[in-house]
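Subject: Structure handover

Hi there,

Here is the structure I promised to pass along. Have a look at it first, and then read on for what turned up.

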Amino acid sequence: MRNFIILASLLAALIGLSITLFWQVEQSGFSAISALLVILNLVCAAQIFNLFKRQTRRADMVFRALANGDSTLGFGDQHPMQQQFEQVKQQIQAARFNAEQQAQFLQALLIHIDLAVLVCDEQGTIIESNPAVSRLLGQAVKHIDDLGVIANLVQDAKQNSRNTVPWQNGEQHDTLSVQISIAEIQGKVRKVISLQSIHDQLQLKEQQAYKRLTKVLTHEIANSITPLSSLAQTCTALLPTELSFDDQEDKQDLQLALTTLASRTEHLGEFIAQFKKVSSLPAPHLQPHILADLAKQVVALHSQQAKQLNITLNLSVQSQQLVMIDRGQVEQVIINLLTNALDVLKQLNTSKSAKCIEVRIAQNANQQLYLEVSDNGTGISDHVIEMIFVPFFTTKQQGSGIGLSLSRQIMLNHGGDLVYIKRQQGACFRCVFG
């Protein structure tokens, strides 16, 4: 910049000198020497002006090239600005390298984390996303309208927010934690959406709550039942045979009441002992097994009972995958599900179609092995579905509400789940192995 100022000053001085000489020639008459000096000054001024223009154009081209990312275009080795140019070029290259490093790091981080992250513009178009989105949602997302119920949350978000929404991936239900952050990047509004499944955490909290409740209830009820049963039996034994009442039926009623009290408390004690299994279920002893072989044995055990009830019992095996399970516990789950299906169809009076139960082993879209037991009965009412895995809850007159709750606890301990799959006809329970 200093050299440009000197050149401009020199050019101005030459122009001023040429004007002065030309004025003197006009005043004193024509002189060959004076004319020559005027011409030489004008030529020098023109050369300096052209040099100034070339230097300015050159500098402009160099800085434009740097701005566009081209560092190959530079000044000559003898140019006075060469040193400054090299410093600027190195600083720009270092800044660009650091920015590329950070971008690659963030890209690698997004690919490897399990948290699903999307970035959308004001129109809802997805401009960035990581592979975890497809894994979690089971589909590619190009616009927030593809997010279903989540789309409304994103569109209505005016500030940072966190919500919980239900999500269904095929037949599999899930619960998602949705966090929305709003940022302004280069003058444009961007919404960053992170999605995370909290289904397993909610189930764990739910099971822990049931366990604590079960321990308290069984402890308190057992402490009350034991003395009641003992007192009823003692009173029955101490009741003298010669004891007389004004009405003989009163004596019979007393004996019946004491006997009933002793009997019911005894049955209630047995029920509490069974219910303790939910809260004191041992950890599974995992060993490799082929699930299809276990299912074949359980189906064979129930085939005779199904035949007597005129129920067709089928087994469909689409996967021979090896799985780590506690054979005894998983066998109990399959038995519970088959028993429930047989009980439902046994009470079903139908002449339109044959009663049928199907046990199916296959893999879902996430390549998880599953076993499902389905029937063609009346199914489960919508208002009951939410309660079927709650301990104590049952729709059977003689049921205890233990079977499904215990079965689900076993599957959760195996790193899987027991879910109800809603079908157009009948009921379907699916054991998913992690």
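**What was found**

Gln329 has its place in helix α9; helices here are DSSP runs of H or I with at least four residues, strands are runs of E with at least two, and both are numbered from the N terminus. Before going further, please keep in mind that this is a predicted model, in which local features need pLDDT of at least 70 and side-chain atom pairs count only at pLDDT 80 or more, while totals for chains, interfaces and linings use all residues. Residues are numbered from 1 along each chain as its sequence is written, and side-chain values use heavy atoms, with hydrogens and water left out.

Is Gln329 buried or exposed? Gln329 counts as buried because its relative accessible area is 10%; the cut-offs are under 20% for buried, over 50% for exposed and partly exposed in between, with a 1.4 Å probe and protein chains only. Not counting residues up to four places away in sequence, Gln329 touches Pro282, Ala283, Pro284, Ile410 and His414, where contact means heavy atoms within 4.5 Å.

**The overall picture**

The protein has 11 helices and 12 strands. Of its 434 residues, 34% count as buried. Among contacts with a separation of 6 or more, 57% come from residues 24 or more positions apart.

**Helix α8**

Helix α8 covers residues 291-308. Its 18 residues should span 26 Å at 1.5 Å a residue, and its end C-alpha atoms are 27 Å apart, so the two agree; the expected span is 1.5 Å times one less than the number of residues. The helix also bends by about 40° at His302, the bend being the angle between axes fitted to the seven residues ending there and the seven starting there.

As a reminder, an α-helix has 3.6 residues a turn, so residues three or four places apart point the same way. Just after α8, Asn310 takes a positive phi of about 60°.

**The nonpolar cores**

Which residues touch the most other members of the largest nonpolar core? They are Leu291, Ile357 and Phe429, in a core of 41 residues. The largest share of this core, eight residues, is supplied by α9. A second, separate core of 21 residues includes Leu137, Leu147, Val178 and Ile180. A nonpolar core is a set of buried Ala, Val, Leu, Ile, Met, Phe, Trp, Tyr and Cys residues joined through side-chain atoms within 4.5 Å.

Leaving aside neighbours within four places in sequence, Leu291 is in contact with Gln321, Val323, Ile325, Val330, Ile361, Leu369, Leu371 and Phe433.

**Strand β12 and its partners**

Strand β12 (residues 428-432) is mostly covered, with five of its five residues buried. Cys428, Arg430 and Val432 lie on one side and Phe429 and Cys431 on the other. Five bridges join β12 to strand β10 (residues 369-375), and the two run antiparallel; Glu372 stands opposite Arg430. Strand β11 (residues 417-420) is also antiparallel to β12, through four bridges, and there Tyr420 stands opposite Phe429. Two strands pair if DSSP finds at least two bridges between them.

Within β12, Val432 counts as buried because its relative accessibility is 6%. The C-alpha atoms of Val432 and Gln368 are 6.8 Å apart, although 64 residues separate them along the chain. Beyond neighbours within four places in sequence, Val432 is in contact with Asn364, Gln368, Leu369, Tyr370, Met411, Gly416 and Asp417.

Met411 is also one of the buried residues of helix α11. That helix (residues 403-413) is mostly covered, with eight of its 11 residues buried. Just after α11, Gly415 takes a positive phi of about 80°.

**Cysteines**

How many disulfides does the structure hold? It holds zero, a disulfide being a pair of cysteine sulfur atoms within 2.5 Å. Cys431 is in no disulfide, and the nearest cysteine sulfur, that of Cys428, is 9.7 Å away. Cys431 counts as buried because its relative accessibility is 2%, and Cys120 counts as buried at 1%.

Best wishes
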